[in-house]
Amino acid sequence: MGVASAIFLVIVTIFCPPIGVFAIAGCGADLLINICLTLLGYIPGHVHAFYLEYVYYDRRERLRQGSIVTDRAPGVYSDNVQNGGNPHGYGTIVQPNAS
């Protein structure tokens, strides 16, 4: 995902937080929590959605830099968000050549 898709995701999340959560976390506990928070109050749904997006993009950037994050983010149940979108998890990072 590039910068344009991240900006598009933020714009979509501003209008409907559950759609933004579904885009990064899929259909699961995080989506259900976000729907409930959005129904209880529009602002709590936004806070939760933007927190998930922050964790997702932060983990994705750390993964790109070669840093391995072993601890789980609190309150995030989706493995896709925890892994920064990496389908193989953290153990499959290719090490650079020593030459």
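View 1. Helices here are DSSP runs (H or I, at least four residues), strands are E runs of at least two, and both are numbered from the N terminus. UniProt, in an unreviewed entry, lists residues 31–52 as "transmembrane region"; its positions follow the numbering used here, feature names are shortened, and annotations may be inferred rather than shown by experiment. Residues count from 1 along each chain as its sequence is written, and side-chain values use heavy atoms, leaving out hydrogens and water. As this is a predicted model, local features need pLDDT of at least 70 and side-chain atom pairs pLDDT 80 or more, while totals for chains, interfaces and linings use all residues.

**View 2. Residues 7–25, also listed by UniProt as "transmembrane region".** Here the span is 95% helix and 0% strand, and the end C-alpha atoms lie 17 Å apart.

**View 3. Arg62 and Asp58 in helix α4 (residues 42–65).** Their side chains meet in a salt bridge at 3.4 Å, N to O (a Lys or Arg side-chain nitrogen within 4 Å of an Asp or Glu carboxyl oxygen). The two sit four residues apart, so about one helical turn separates them. Arg62 is partly exposed at 34% relative accessibility, and Asp58 is partly exposed at 23% (buried is under 20%, exposed over 50%, partly exposed in between, with a 1.4 Å probe and protein chains only).

View 4. Arg64 counts as exposed at 55%, while Glu61 is partly exposed at 34%.
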